[in-house]
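Here are a few exercises to work through with the model open beside you. Try each task before you read its solution.

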Amino acid sequence: MASSSTIRVQWAPVEFADHYRVVATDGRSAVVSTHFGPEALIEELKSATDYTIRVTACLDAECLESADVPEMKASTEAEVWRIVGSGNSFDGAQRLVQDVNVNASILRYGEWAGPPLAGKVQLYYVPLQGDEKGAKIGQLATERAGSIEAVSRFLPVSGYGLLRACGPSPCPAGVNLGAQVALFQPVPMANGAVRLFFEAQGHDGRTRILSLDSQDGYVGRDFHRGAPTRCSTFADYAPGGGCEPALEIDVNEYVPNARQFKMGWPNRDAALWDAAPGTWMWFTTEYQDRRCSEWGFNFAYAVWDGERWVVQYREDGCPKLMIGSQAMAPMHLGGTRYKMYFNHHQSLRPVPGQGMLKPMRVIYSDAGLTGDTATVDFEDWEPRELSRPVQLQFPDGTPLSEAESSRLDDTFVYMPGGDPWFQVMYTNMSSPGAGPPFVGTAILMNP
């Protein structure tokens, strides 16, 4: 398969050239590199994108004298992801862990975690069994996360994490923001803890984004401040409880709910988050009264200022939105560049059942486009209209239809070893009428 991120270019040598300066641009952002021969392998480009490539032959080390090479045109291919398993349906997909239901998220350990954690990844997921609903832990079934087989199979670990404290029965009366745990994301902190961001429906029926820090350091399993190793009761999450969460993103008249989120920090360059200003977060919100959007699903945006998350708003009071979008999954590409996968909705409002068309797409960002070049603002992201297709395949290589791709949700993507040539996706999947969804693995075939 042709690469989705790399272009090889060659040109006629220029006499007396000291070196060549190569600029590949898609009209929005550019990749610049230096080469000492008449060819270049330009890497980490955007997928499914047309590029103009300009080469300058520098006749001296400082490039005070130069000559231009004729302009070239080239394009990258769309990304192709293949599900791990066998056959040509979701039924043959390998389950990430035996009791997995939905919402897989990963904590990737580097050398900073020390032995025996370094080189491993830890799974957080929602299990099938009702008495363990919440954020359950999964441990790697092998020594290191160095192969497709290794990152596709985890073993369940009970007795840790977060339980959904009430449901299906109603919660007891009382102020409580965190008892109804839903989606989550673990983030390793520079202060030695794992911060588990999570969404939860509060006592007022509105969903907020909250957080808890681990009590067992980078092990990242115990989030209870007391003797228990798992947050499990309504009292745990209540004010003064052992798992009372910190409020990260609150609600207001223009943000009725804040849920289904992902935050992004430069974890390919610095795996630990130091809570420095400039970190960003996408989160999902919706408007039954159509106050800020006609669409049923929308992304809003917040930036960390060093002390709190600041939602970015428009002049009319509504948050800046990427409309018709759901289930974001970002990946750091280096520096201030990111890509993000998401479900691209085709209809304004949810369709009953599983009939919604919302195929997966990908967009890119670069903080150098607008404003502060160190902060990825809302405007630094490509608009929804520029999103690119993502081609998904069943294990035998059969392409997924648009309807089948639309059944993927709550996606998480990462590089297990920090290497762009090995990229992994976890996503919810299910065949119609085949029971509850589960999480499977997909591998990028043409990085």
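**Exercise 1: a cysteine pair**

Cys-58 and Cys-63 sit with their sulfur atoms 2.0 Å apart and form a disulfide (a pair of cysteine sulfur atoms within 2.5 Å). Before going on, note that this is a predicted model, where local features need pLDDT of at least 70, side-chain atom pairs count only at pLDDT 80 or more, and totals for chains, interfaces and linings use all residues. Residues are numbered from 1 along each chain as its sequence is written, and side-chain values use heavy atoms, with hydrogens and water left out.

Task: work out the handedness of the Cys-58 and Cys-63 disulfide, and say whether Cys-58 is buried or exposed.

Solution.
- Step 1: the S-S torsion of Cys-58 and Cys-63 is about -75°, so this disulfide is left-handed.
- Step 2: Cys-58 has 1% relative accessibility, so it counts as buried (buried is under 20% relative accessible area, exposed over 50%, partly exposed in between, with a 1.4 Å probe and protein chains only).
- Step 3: Cys-63, at 27%, counts as partly exposed.

**Exercise 2: another pair**

Task: find which hand the disulfide of Cys-166 and Cys-171 has.

Solution.
- Step 1: the sulfur atoms of Cys-166 and Cys-171 are 1.7 Å apart.
- Step 2: their S-S torsion comes out at about 55°, so the disulfide is right-handed.
- Step 3: Cys-166 is buried at 5% relative accessible area, while Cys-171 is partly exposed at 30%.

**Exercise 3: tying loops together**

Task: say which parts the disulfide of Cys-292 and Cys-318 ties together.

Solution.
- Step 1: with sulfur atoms 2.0 Å apart, Cys-292 and Cys-318 form a disulfide.
- Step 2: the torsion is about -80°, so this disulfide is left-handed.
- Step 3: Cys-292 is in the loop between β18 (280-285) and β19 (298-304), and Cys-318 in the loop between β20 (309-311) and β21 (322-323), so the pair links parts 26 residues apart in sequence. Strands here are DSSP runs (E, at least two residues), numbered from the N terminus.
- Step 4: both Cys-292 and Cys-318 are buried.

**Exercise 4: the overall pattern**

Task: how many disulfides does a search of the whole structure find, and what pattern do they follow?

Solution.
- Step 1: the search finds four disulfides.
- Step 2: counting bonded cysteines along the chain, the pattern is 1-2, 3-4, 5-6, 7-8.

Key: Helices (H or I, at least four residues) and strands (E, at least two) are DSSP runs, numbered from the N terminus.
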